[in-house]
Amino acid sequence: MSQALIVIDIQNDFCPNGALAVPNGDHIVDQVNALMRQYNLCVLTQDWHPKGHSSFASSHSNKDTYDIIDMSYGPQILWPDHCVQNSEGASFHPRLDTTKAHLILRKGTNPDIDSYSAFFENDRKTPTGLNGYLQSLDIQSVAIVGLATDFCVNYSAVDAAHLGYNVTVFTQLCRAIDLDGSLDTALKNMTCAGVSLE
């Protein structure tokens with residue numbers, strides 16, 4: 001086994017009518033299900049924030065959603081409250097076939113640090129444990145799909161490339177938030193890191 005599929009954050013809050021809805025985020029679900037059947041190892045990530053997470057705009061007085069503040073680990077976009085632990089919004093999209101998952105990785109659980117990447121929290125130092133898990137199974141290549149292209153997919157793909165994996169992002173099975181050109185920036189970042197975009 002040398003390849004794995006990482007499915008990023010296909011959760012209700014990132015789909016239409018969710019708290020942080022990604023346009024057409026639900027349109028990829030059926031194709032992702034079909035793709036999972038082609039891989040012997042599938043990892044699902046799940047944003048899993050405690051109430052009052054520091055990345056929520058509601059946790060900061062006189063701040064609005066999508067403002068950027070300086071945290072101890074660097075700039076942080078303030079988001080609407082989303083994917084709160086044990087909420088319906090944090091649940092996987094109901095059509096996503098979670099039975100194919102060999103591992104469900106919950107991220108963003110530290111109330112003081114956000115976590116876009118499946119590999120590291122946003123301090124860029126604290127590992128999630130995914131790299132060790134994949135290494136224990138001799139995984140050398142990863143394919144990545146999911147939500148959102150310009151944030152969690154981007155950070156996960158770049159980190160995977162920096163860790164030495166051969167990385168492919170299937171862009172047709174991703175959707176973006178696209179804040180102020182963030183999608184173009186993310187595509188350039190992934191390309192520069194050696195990620196294959198297909």
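Tutor: Contact here means heavy atoms within 4.5 Å. This is a predicted model, in which local features need pLDDT of at least 70, side-chain atom pairs count only at pLDDT 80 or more, and totals for chains, interfaces and linings use all residues. Residues are numbered from 1 along each chain as its sequence is written, and side-chain values use heavy atoms, with hydrogens and water left out.

Student: What do the buried residues of helix 4 pack against?

Tutor: Helix 3 (149–162), strand 7 (166–175) and strand 8 are the elements they pack against. Helices (H or I, at least four residues) and strands (E, at least two) are DSSP runs, numbered from the N terminus.

Student: Which residues of helix 4 are the buried ones?

Tutor: In helix 4 (residues 182–192) they are Ser182, Ala186 and Met190. Buried means under 20% relative accessible area, exposed over 50%, and partly exposed in between, with a 1.4 Å probe and protein chains only.

Student: What puts them on the same side of helix 4?

Tutor: Their arc around the axis is only 70 degrees, which puts them on the same side. The arc is that of the directions from the helix axis to the C-beta atoms. On the other side of helix 4, Asp184, Lys188 and Cys192 are exposed.

Student: Why does His93 count as buried?

Tutor: Its relative accessibility is 10%, and the limit is under 20%, so His93 counts as buried. His93 lies in the loop between strand 4 and strand 5. Leaving aside residues up to four places away in sequence, His93 touches Ile10, Gln11, Asn12, Cys15, Asp26 and Val29.

Student: Why are helix 3 and helix 4 called roughly parallel?

Tutor: They pack at an angle of about 10 degrees, with their axes 9 Å apart. Axes are lines fitted to C-alpha atoms, for helices over the stretch in contact, and angles run from 0 to 180 degrees between N-to-C directions. Angles under 35 degrees count as roughly parallel, over 145 as roughly antiparallel, 65 to 115 as roughly perpendicular and the rest as oblique. Helix 3 and helix 4 are therefore roughly parallel.

Student: How do you know that strand 2 and strand 5 pair?

Tutor: Two strands pair if DSSP finds at least two bridges between them. Strand 2 (residues 42–47) and strand 5 are joined by 5 bridges and run parallel. Leu44 stands opposite Ile104 in strand 5.

Student: What makes strand 5 and strand 8 stand at the edges?

Tutor: The open sheet of 6 strands has the order 5-2-1-6-7-8, with parallel pairing. Strand 5 (103–107) and strand 8 (196–197) each have a single partner strand, so one side of each is left without a neighbour in the sheet.
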